[in-house]
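Here are my notes on this one, point by point. Have the model open while you read.

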Amino acid sequence: MKPMINHRKFLLEDLKDPAEAAGYLNAVLETGHRDAFLSALRDVAAAQGGLSKLARQTKLHRQTIHRMLSKNGNPEIVSLEKVLEAMGLRFFVGVNPSAKLPRAA
């Protein structure tokens, strides 16, 4: 019998890599579920050293980050940018391929 793999441990090990973290967060963003994205950000924060380390890197209070990434969190874009930057990530905007946009003349 194969040994059981702890899913969470495997996930957190993968999320230490910023490229893996970016792919994970983008996949969650594609679902359109805001609270799932905040949960995914908590996973990345845990993988990269936890909320205390993130607080030191961002110069935000640990409690602020905890509230921001909670299920009912409503992070400001500036705070979210700081968190992503500390994780080696950034925001960008892309075109939605399924959107019906007017063509440029």
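1. First, the terms: buried means under 20% relative accessible area, exposed over 50%, and partly exposed in between (1.4 Å probe, protein chains only). Helices are DSSP runs (H or I, at least four residues), numbered from the N terminus.

2. Some housekeeping. This is a predicted model, where local features need pLDDT of at least 70, side-chain atom pairs count only at pLDDT 80 or more, and totals for chains, interfaces and linings use all residues. Residues are numbered from 1 along each chain as its sequence is written, and side-chain values use heavy atoms, with hydrogens and water left out.

3. Take a look at α6 (residues 77-86): S79, L80, V83 and L84 are its buried residues. They fall within an arc of 135° seen down the helix axis, so they line one face; the arc is taken from the directions from the axis to the C-beta atoms. On the other side of α6, I77 and E85 are exposed.

4. That buried set packs against α2 (18-31), α3, α4 (50-58) and α5 (62-68), with contact meaning heavy atoms within 4.5 Å. Just after α6, G88 has a positive phi of about 80°.

5. Now D43, which sits in helix α3 (residues 34-47). D43 counts as buried because its relative accessibility is 11%. Its side chain makes a polar contact with the R8 side chain at 2.7 Å (a pair of N or O atoms within 3.5 Å; within protein, one must be able to donate a hydrogen and the other to accept it, and residues adjacent in sequence count only if both atoms are side-chain atoms).

How values were computed:
Helices (H or I, at least four residues) and strands (E, at least two) are DSSP runs, numbered from the N terminus.
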